[in-house]
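Dear colleague,

Here is the structure for your files. My notes on it follow below.

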Amino acid sequence: MKIPRLARISHGAPSRDATRAGRSKPQQKGHGKCGLATALGLLLLCGPAAATVSVEFQLGAVRVPPGSVGVLVADADGDGFSRPADHPGAALERGARIGDDVIVAVLPWRALEEWGSQGGFADHLAVLDYETLGVAEGDRLALHVFPARSEGDELRPGEPHLTYRGDEIGDLASTSTMEFALPADGGAHLLAVLGPESGGGADLDAIDLTALPYESGSGSFARELSQTARHTYFLRLPAAGFLRISGPPVAGLVAELFGPDGALVASSEGSIAFAEELSAGFHKLVLRQADGAVGVLPYAFDFGNVDIRVVVPDVAVGRLRGRLAGFGRVGGAPGQMATVLSNRARPVNGFAGVANRGDRPDRLRIFGGRGNPFFRTVYFAPGNVTAAMVGRGFVSPRPLVAGVPPLVVRARFVPNRRRLVRRVGQREIVARRIFPTLVRATATGSPAAPDAARLRLQVR
């Protein structure tokens, strides 16, 4: 199939091949597949004695939204490509740098008749001077694609982007004469890839940017995922907060959520299920098929920044740390009580466990009775937290959520022997008394019904 061509111009200048030869790098043949209908052409022309190069670059029939910009960069230092999201403030203009990568060209989005319903990037780069740009023959190339950006814009923290590399494709057209790297000065070179719609076999779905970018509120998507595709969605939180992404089960589907720093935040397999407190900036949701999955996977999900999760405090009590009564009974329901026995009015321990049965993490505030003239209570968790427990409440040192082990507080009951014990001759008579102590827990960061349980001190 014929690849659409733009006007071609050749330029010449004194040769610098000898001075740049030390920087040439081995070229690698493309391999692997990504996933979409594509046509890609790269033509470099120059006169017999030229040292500057004219470049005709075309990457078309791809799913990128109008208003995207393509940025062609060269790995000038040979140490791998820099991640644009890590270099806020870098200008998207020719000759500028993203990290230590040199921007060779900034390409506007185009819609050409030959590309059908898709679009892509096509431009003629007249006079590509290696020395002026600080690049050399053999420097590897990469194309970064940025949605809703223009030439001259500055990169933002966590900037949404996808990167295309020539060694990520499986089928080079038979007319190709070069790899995805800067060629030697002189001669004419062509790099071409034809996707299925153009009669070839390349699959470039990895540069699918149709769903960018989400900024706030809620929405939903429903699509199909081929075996080689990776669908990428960018989600921007203007401030730190909650984000929920959820969809029905899909066997063979893998979902990964990445933060603005590129680190993996969470992943799920068999469904899209995330409910996370996230930092401000752009987050990336990547969907792919698991190893061994076959066929096309239809999927759907919705998302929103309204936190619909709840906090459910749950208190249980007991005379032994490992045997607490009342877990699973919330909202102050009956059956949350335990008795600890004090023989001869000696000090004795009781325990209260506090958990959160809801799916929203929160630090719980825990209250306990201070005692009365007949006994006093000292609380440990594990240090002495009595002042907080009997005052404004002791706040759990870590957030609690469903599935996280409960926080256990030890209550030390100390009977007042002067009031409870009297001596008759050689005998000590201990007053038989029962003193209830209420332990209560509530949420700190959101409304929630408190839960409470009673520890009863029985003196005998």
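Is arginine 110 buried, exposed or partly exposed? With a relative accessible area of 30%, arginine 110 is partly exposed; buried means under 20% relative accessible area, exposed over 50%, and partly exposed in between, using a 1.4 Å probe and protein chains only.

Before the rest, the conditions. This is a predicted model, in which local features need pLDDT of at least 70 and side-chain atom pairs count only at pLDDT 80 or more, while totals for chains, interfaces and linings use all residues. Residues are numbered from 1 along each chain as its sequence is written, and side-chain values use heavy atoms, with hydrogens and water left out.

Salt bridges

The whole structure holds 14 salt bridges, each being a side-chain nitrogen of Lys or Arg within 4 Å of a carboxyl oxygen of Asp or Glu. In one of them, arginine 110 meets aspartate 123 at 3.9 Å, N to O. This pair links distant parts of the chain, 13 residues apart: arginine 110 is in strand S5 (residues 101-110) and aspartate 123 in strand S6 (residues 119-129). Strands (E, at least two residues) and helices (H or I, at least four) are DSSP runs, numbered from the N terminus.

Arg149, Asp153, Arg156 and Glu159 are linked in a network of salt bridges. Between glutamate 159 and arginine 149, the closest N and O atoms are 3.2 Å apart. As for accessibility, glutamate 159 is buried at 1%, arginine 149 is buried at 11%, and arginine 156 is partly exposed at 29%.

Nonpolar cores

A nonpolar core is taken as a set of buried Ala, Val, Leu, Ile, Met, Phe, Trp, Tyr and Cys residues joined through side-chain atoms within 4.5 Å. The largest has 33 residues, and Phe413 and Leu455 are among those with the most contacts inside it. Strands that each supply at least two residues of this core include S18 (313-320), S21 (348-356), S26 (407-415) and S30 (451-459). A second, separate core has 23 residues, including Leu72, Ala76, Leu125 and Leu143.

Leaving aside residues up to four places away in sequence, phenylalanine 413 touches Val340, Phe375, Leu455 and Leu457, among others; contact means heavy atoms within 4.5 Å.

Sheet

Six strands form an open sheet in the order S19-S18-S21-S26-S24-S23, with antiparallel pairing. Two strands pair if DSSP finds at least two bridges between them. At the edges are strand S19 (323-325) and strand S23 (371-372), each of which pairs on one side only. S18 and S21 run antiparallel and are joined by six bridges; valine 317 stands opposite alanine 352 in S21.

Backbone geometry

Alanine 381 and proline 382 are joined by a cis peptide bond, with omega about -5°. Proline 382 is in the loop between S24 and helix H3 (386-390).

In the loop between S20 and S21, arginine 344 has a positive phi near 60° although it is not glycine. Alanine 345 is found in the loop between S20 and S21, and its phi is likewise positive, near 60°. Arginine 344 is partly exposed at 38% relative accessible area, whereas alanine 345 is buried at 2%.

Regards
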